[in-house]
Amino acid sequence: MDVDRLREAYFSSKKHAAAGVDGVTWQHYGGQLEDNLRELHAKVHSGAYRAKPSRRVYIPKPDGRQRPLGIAALEDKILQSAVVSVMNAIYESDFLGFSYGFRPGRGAHDALDALAVGITDRKVNWVLDADIRGFFDTIDHGWLIKFIEHRIADRRVLRLIQKWLRAGVMEQGRRTPTDVGSPQGATVSPLLANICLHYALDLWVRQWRQRSGRGDIIIVRYADDFVLGFQHHLDATRFLRDLHERLARFRLELHLDKTRLLRFGRFAAAQHKEKGISGAPQTFNFLGLTHCCSRSKSGLFLLLRHTMRSRLLAKVREITLELRRRLHEPIVSQGKWLGAVLRGHYAYYGVPTNIEALDVFRSEVTHRWFKSLRRRSQRRRLNWTRMDRLAQQWLPRARIVHPWPQQRFAVRTRDKSPVR
């Protein structure tokens with residue numbers, strides 16, 4: 001942990017990120033960068049460094065609730081980023097293949113690809129869609145430090161992590177100590193979450209699958225959100241029972257409203273018909289996409305994935321509010337911004353079988369822009385002929401930007417499935 005690594009962490013941080021409780025910005029800190037970094041380095045190695053509490057802010061969630069975030073002070077961000085860069089090199093050799101969240105070189109679409117391939121190619125008849133209740137807010141500090149001690153022997157690193165965990169949060173001028181949990185938004189929190197779940201969940205799942213599973217079992221985990229596929233219903237029910245007990249040992253619990261066991265997979269529709277169950281198989285959500293059982297034109301099983309309705313509506317509402325704020329900006333400025341929003345939306349949600357949802361999103365954006373422009377002036381009312389020209393000029397057409405999961409998955413893993 002030298003000055004060079006701290007400097008690298010400073011330049012990798014976001015220049016326009018919100019300031020912490022001390023109000024120090026990236027630009028202000030960089031005014032005397034070398035002196036500040038040398039001072040921070042000396043404080044860390046002498047033990048004089050003290051972590052500042054995180055500034056508590058709230059952001060809206062798609063379901064209307066508020067998600068608490070902790071904004072750390074800039075020096076804490078720099079030091080956390082430097083420590084994470086070293087610890088990542090250690091833990092990347094330990095973490096299992098079915099863990100995807102917040103890892104270098106892995107992303108949400110890698111997890112989605114692995115899940116799609118597992119459901120399509122393995123004998124999956126049941127899906128367990130699981131979520132840990134308030135995971136980041138309920139991480140037990142004692143267990144987390146024990147987990148880290150398995151791989152990290154340097155007591156100075158352990159003390160740094162303890163300082164960050166105990167720094168607390170500042171809200172409306174009052175500091176609240178934190179005895180459990182790790183603030184969402186802190187640079188070190190994703191790695192700490194992965195370490196906790198690696199020992200509390202991943203290693204145990206691998207062992208359970210090898211010792212107790214009777215049929216095919218797949219798992220894909222992204223942070224605290226994970227999905228499992230089972231060939232046999234008995235395996236699924238036994239696993240769910242044991243999972244409750246396993247998490248309780250580490251003072252964690254499943255979110256009962258978000259954890260479901262449902263019939264799903266290549267044979268789900270036929271099994272529904274055999275048992276006299278009306279309606280199509282149930283669907284589940286994972287990483288912003290709703291997964292559905294369907295059939296291709298040739299009659300083969302097809303995993304449909306489309307944008308979650310709540311995510312689409314939330315994004316449309318966000319755009320509507322932003323258009324009100326930009327009401328009197330030039331049309332060119334509004335068009336460039338909306339075009340960037342649509343391209344960003346396609347970059348994530350542009351997966352095969354989702355073209356209809358992308359078209360719906362573009363149509364909704366067009367209508368919201370039309371209504372916004374008609375409010376600007378009563379002298380020259382905008383009609384749909386002119387609006388169509390504006391949409392063609394500024395709003396890119398919906399398009400699929402991602403390949404089929406099997407294609408990308410085979411390239412990235414060389415046909416060695418990390419879901420198995």
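α3 passes α4 in a right-handed crossing. A crossing is right-handed if the near helix is turned clockwise from the far one by less than a right angle, and left-handed if anticlockwise. Helices here are DSSP runs (H or I, at least four residues), numbered from the N terminus. This is a predicted model, in which local features need pLDDT of at least 70, side-chain atom pairs count only at pLDDT 80 or more, and totals for chains, interfaces and linings use all residues. Residues are numbered from 1 along each chain as its sequence is written, and side-chain values use heavy atoms, with hydrogens and water left out.

The axes of α3 and α4 cross at roughly 70° and come within 12 Å. That makes α3 roughly perpendicular to α4. Axes are lines fitted to C-alpha atoms over the stretch in contact, and angles run from 0 to 180 degrees between N-to-C directions. Angles under 35 degrees count as roughly parallel, over 145 as roughly antiparallel, 65 to 115 as roughly perpendicular and the rest as oblique.

On the α3 side, Asn36, Leu40, Lys43 and Val44 meet Glu75, Ile78 and Leu79 of α4 (contact means heavy atoms within 4.5 Å). By class, this contact of α3 with α4 has four nonpolar, one polar and two charged residues. Ala, Val, Leu, Ile, Met, Phe, Trp, Tyr, Cys and Pro count as nonpolar, Asp, Glu, Lys and Arg as charged, and the others, Gly among them, as polar.

α4 also packs with α8, at an angle of about 135° and with the axes 12 Å apart. That makes α4 oblique to α8. Their crossing is left-handed. Asp76, Leu79, Gln80, Val83 and Met87 of α4 touch Val157, Leu160, Ile161 and Trp164 of α8. The classes there are seven nonpolar, one polar and one charged.

The crossing of α12 and α14 is right-handed. Among the residues in contact are Leu312 and Ile319 of α12 and Phe361 and Trp369 of α14.

Now the spaces. A cavity is a set of points on a 1 Å grid over the protein atoms alone where a 1.4 Å probe fits but cannot get out; a pocket is an open set with protein on both sides within 12 Å along at least five of seven lines; lining residues have an atom within 4 Å of a point. Grid points are joined across faces, edges and corners, and a volume is the space filled by probe spheres set on the points. The structure holds three cavities of 30 Å³ or more.

| Space | Volume | Lining by class |
|---|---|---|
| Largest cavity | about 120 Å³ | ten nonpolar, six polar, two charged residues |
| Second largest cavity | about 60 Å³ | eight nonpolar, two polar, two charged residues |
| Second largest pocket | about 340 Å³ | ten nonpolar, three polar, four charged residues |

α4 (74-91), α8 (155-166) and α9 (189-211) each supply at least two residues of the lining of the largest cavity. The second largest cavity is lined by residues including Lys14, Trp26 and Lys77.

The second largest pocket has 17 lining residues, and Val44, Asp154, Arg156, Val157 and Leu160 lie nearest its centre. α3 (33-46), α4 and α8 each give at least two residues to this lining. The largest share, five residues, comes from α8.
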